[in-house]
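User: Hello! I am new to this structure and would like to go through it step by step. Could you help me?

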Amino acid sequence: MWFLFPALLINLLIILIPALLTVAMAFVSWDGTSDPVFAGFDNFRAMFADPVFSSALLNNVKWTALFLTVPIIMGLVAASLLLMVRKGRTFFQIVYFLPAIIATVVIARVWQGMIYNPDGGLIGWLHIFGFHLDDPLAHPSTALLAVASVDLWHWWGFMAVIFFAAFRQVDRAQIEAARLDGAGYFQLMRYILLPAIRPTIVLMMIMTVIWSFLAFDFVYVLTQGGPAFSSEVLSTLSYRYAFYNFTMGPAAAVALVISLFGLVATIFYVRVQQQELES
Amino acid sequence: MNHAISRGTLTITYVILALGAVVALFPLALMVVSALKTSAEIVADPLSLPHVPQWINFARAWRDAEMARSLLNSVKVTGLTVVLICATGSMAAYALARQKVRGSRWIAVYFLATTTLPIQLYLFPLYFGFAKLNLVDSIFATSLIYTAIYSPFSIFLLRTYFLAIPVEIEEAAIMDGATRWQVFSRVTLPLVSPGLLTVAVIAGMNTWNEFLISTTFLQGHAVQTAVVRFYSMGGQYSSDWGEIMAAALIIVAPMVAFFLVMQRRFIEGMASGSVKG
């Protein structure tokens with residue numbers, strides 16, 4: 001039916017065809033200007049031989065582990081507490097959600113200049129109390145965590161609002177009954193609230209895995225993957241291969257690796273969403 | 001439910017909730033306060049209030065970041081994207097909701113899958129293809145990329161809106177001799193306008209804030225968006241954080257104002273689309 005045609009055409013031209021070309025690109029040697037030469041699996045060999053690739057992959061795994069726990073727990077706690085109060089719900093929701101609507105580049109600069117900056121940021125202000133901390137973005141041991149913290153700040157409130165919306169669908173009579181039986185906060189969470197919103201939590205966890213392998217903006221703006229590639233993730237590595245080193249083959253190979261991780265999560269995602277589509 | 005909670009528990013609950021609010025607001029408050037301070041004041045005490053509000057920071061940010069031009073570019077690319085997404089997305093959503101043709105299920109699955117692909121999977125051939133066709137630095141071509149990336153979410157959101165409309169309304173119009181297009185554009189589309197608004201808000205926000213695509217495809221000074229121009233400010237005037245924060249505020253303010261007016265749409269849209277920035 002032709003109603004589908006415009007959206008589908010744009011999507012095929014912008015996403016599907018270039019994606020297929022990327023698959024082909026992973027098997028050629030190309031600098032972006034001269035003629036591509038078939039290279040077999042050379043790009044994958046080069047990629048695996050680069051020590052930065054394995055550390056970037058490990059950083060993505062760490063990033064995923066962090067985002068599967070911290071923001072989801074913070075979101076669940078905030079959402080469940082919101083459910084307990086009557087006054088101020090809208091206010092807290094707006095405030096928690098606010099960081100999620102602000103441009104990542106702007107957030108990155110605010111943290112870089114106003115929090116992590118030893119001259120003029122919160123870190124510098126702590127000097128008054130004798131804490132002589134350095135810029136955490138400038139040290140290989142702390143750079144990744146410092147970048148991830150910014151994304152965590154940007155992200156947890158969104159989780160809180162999503163989980164709160166889910167909690168509100170839980171049958172109130174069930175909650176009241178549990179309360180009358182003397183259930184405390186933890187029992188209420190364990191036996192009523194968390195089981196009731198399980199589908200939402202599962203969906204958010206799947207999406208978290210997908211997003212964690214796509215993470216780009218904060219790393220690129222805050223550290224460019226440095227210092228000494230310590231905060232490099234797969235997406236920034238791929239971008240660097242392509243637009244800084246002009247090696248399209250390895251860039252495409254890394255993109256395929258990211259897609260592979262995404263694909264596994266996507267299969268779960270499509271399954272979950274399809275149940276919704278059937279309805 | 002708070003009748004069942006003791007006063008003490010309620011106090012602790014509010015304290016934790018307020019703590020969350022402080023965490024969320026603190027960096028933003030620093031941005032606002034610092035935008036009004038001299039860089040000397042910021043270095044001397046990052047947490048102090050400005051002695052004299054430095055409104056000049058905004059004037060300098062406006063000039064150095066070429067805001068008149070870069071904000072206009074952001075408005076152009078955002079507006080074009082929103083129009084394209086609403087037009088193509090609503091048509092596709094209508095087709096998926098109403099027409100049970102063979103293969104439509106697979107098209108839906110395809111759209112769903114593209115929302116989870118890394119941009120790097122199609123970015124490089126797209127860039128070199130656009131370069132060959134002279135489409136790099138074209139605002140229209142860039143808005144087509146955003147349309148491709150953000151329309152799947154809008155299709156699924158609008159599809160649920162279309163499904164909620166009783167088919168009988170359309171059948172009555174068809175009986176009266178209306179074509180499929182007339183039914184769609186005159187009868188059904190006005191009924192899903194709340195959904196269209198949500199789609200416009202979310203697509204608009206994502207495009208306004210987006211960095212990776214715009215920094216790759218809109219490099220020329222004349223076509224740079226506000227966010228990309230802001231990014232290059234950091235390197236150029238790295239020590240003048242007052243000015244940088246003023247520029248940040250100029251870019252953020254319209255989005256925050258929009259959000260405060262239409263927070264329901266933002267939350268509904270981001271919850272259903274789950275588009276992470």
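This is a predicted model: local features need pLDDT of at least 70, side-chain atom pairs count only at pLDDT 80 or more; totals for chains, interfaces and linings use all residues.

User: How is helix α3 of chain B oriented to α13(B)?
Analyst: Helices here are DSSP runs (H or I, at least four residues; strands are E, at least two), numbered from the N terminus. Axes are lines fitted to C-alpha atoms, for helices over the stretch in contact, and angles run from 0 to 180 degrees between N-to-C directions. The axes of α3 (residues 56–64) of chain B and α13(B) come within 8 Å and cross at roughly 75°. Angles under 35 degrees count as roughly parallel, over 145 as roughly antiparallel, 65 to 115 as roughly perpendicular and the rest as oblique, so α3(B) is roughly perpendicular to α13(B).

User: And how is α5(A) oriented to α13(B)?
Analyst: Helix α5 (residues 104–115) of chain A packs with helix α13 (residues 241–261) of chain B at about 155°, their axes 10 Å apart. That angle makes the pair roughly antiparallel.

User: Which residues of α13(B) are met by α5(A)?
Analyst: From α5(A), the residues in contact are Val106(A), Arg109(A), Val110(A), Gln112(A), Gly113(A) and Met114(A). On α13(B), they meet Trp241(B), Met245(B), Ala248(B), Ile251(B) and Val252(B).

User: How many salt bridges are there between chain A and chain B?
Analyst: Contact involves 99 residues of chain A and 97 residues of chain B. A salt bridge is a side-chain nitrogen of Lys or Arg within 4 Å of a carboxyl oxygen of Asp or Glu. Between these chains the count is zero.

User: Which peptide bond is cis, with omega near -10°?
Analyst: Look in the loop between α11 (217–222) and α12 (234–243) of chain A, where Pro227(A) lies. Most residues other than glycine have a negative phi, and most peptide bonds are trans. In that loop, Gln224(A) has a positive phi of about 55° although it is not a glycine. The cis bond runs from Gly226(A) to Pro227(A).

How values were computed: Residues are numbered from 1 along each chain as its sequence is written. Chains are lettered from A and ligands numbered from 1 in the order in which they are written. Side-chain values use heavy atoms; hydrogens and water are left out. Contact means heavy atoms within 4.5 Å.
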